[in-house]
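Please read the points below with the sequence and the model open beside them.

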Amino acid sequence: MTGYLGLGSNEGDRRANLRAARAALERAGVSVTGASSVYETEPEGAVRDQPDFLNACLRIETDLPPEGLLELCKRVERELGREPGGPRHGPRPIDVDVLLLGDLEHRSERLSLPHPEVLSRRFVLAPLLELDPALALPDGTPLAPALERLQGQRVERAGAL
């Protein structure tokens with residue numbers, strides 16, 4: 001099944017953290033079939049007083065079910081130094097989010113698919129649409145118009161992953 005993951009880092013060697021997350025996912029059997037550019041972005045959410053993030057998205061192929069993919073992403077985060085807990089949207093060496101997984105809609109205490117903030121985050125939409133300009137939510141809602149509405153969030157291309 002084709003899925004999309006969001007990567008983010010604003011502590012340590014941010015680009016190396018993104019690359020290490022990609023490598024760890026591949027070692028665990030996730031096939032990365034595409035990687036967006038890296039984007040430098042300002043913090044979003046409640047904690048604004050922190051370093052800028054580097055963000056990217058991966059297009060993947062996996063046989064893992066949604067909860068299994070989430071658990072793998074959380075394991076990769078722990079392996080790369082992210083401590084459980086901490087403030088929501090706070091500084092972190094790595095963040096690996098499951099954004100979309102095929103045409104699945106999934107809801108549990110731990111995971112919602114599609115990711116509930118996909119349409120409100122420019123730092124997610126820009127790299128997602130770089131990978132697939134015609135990408136849509138499982139209900140058919142195209143992502144491109146949402147990106148056009150999010151002009152206030154600073155997202156600058158910063159090279160390759």
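1. Lining of the largest pocket. Strand 1 (2–9), strand 4, helix 2, strand 5 (95–101) and helix 3 (122–131) each supply at least two residues of this lining. Helices (H or I, at least four residues) and strands (E, at least two) are DSSP runs, numbered from the N terminus. Strand 5 contributes the most, five residues.

2. Basis. This is a predicted model, in which local features need pLDDT of at least 70 and side-chain atom pairs count only at pLDDT 80 or more, while totals for chains, interfaces and linings use all residues. Residues are numbered from 1 along each chain as its sequence is written, and side-chain values use heavy atoms, with hydrogens and water left out.

3. Pocket size and make-up. The largest pocket holds about 700 Å³ of space. A pocket here is an open set of points on a 1 Å grid over the protein atoms alone, where a 1.4 Å probe fits, with protein on both sides within 12 Å along at least five of seven lines; lining residues have an atom within 4 Å of a point. The volume is the space filled by probe spheres set on the points, which are joined across faces, edges and corners. Of the 36 lining residues, Arg88, Asp95, Asp97, His115 and Arg121 lie nearest the centre. The lining divides into 14 nonpolar, ten polar and twelve charged residues, with Asp, Glu, Lys and Arg counted as charged, Ala, Val, Leu, Ile, Met, Phe, Trp, Tyr, Cys and Pro as nonpolar, and the others, Gly among them, as polar.

4. Strand 1. Seven of the eight residues of strand 1 are buried, that is, under 20% relative accessible area (1.4 Å probe, protein chains only). Strand 1 pairs with strand 4 in the antiparallel sense over eight bridges, and Leu7 stands opposite Ala56 there. Strand 1 also pairs with strand 5, again antiparallel, over six bridges; Gly6 stands opposite Asp97. Pairing requires at least two DSSP bridges between the strands.

5. Helix 3. Because nine of its ten residues are buried, helix 3 is largely enclosed by the rest of the structure. Among the buried residues are Arg122, Phe123 and Pro127.

6. Thr62. Where does Thr62 sit? Its place is the loop between strand 4 (53–61) and helix 2 (66–79). Thr62 is buried, at 6% relative accessible area. Beyond its neighbours within four places in sequence, Thr62 is in contact (heavy atoms within 4.5 Å) with Met1, Val30, Leu69 and Leu101.

Note on methods:
Buried < 20%, exposed > 50% of the residue type's maximum accessible area, 1.4 Å probe, protein only.
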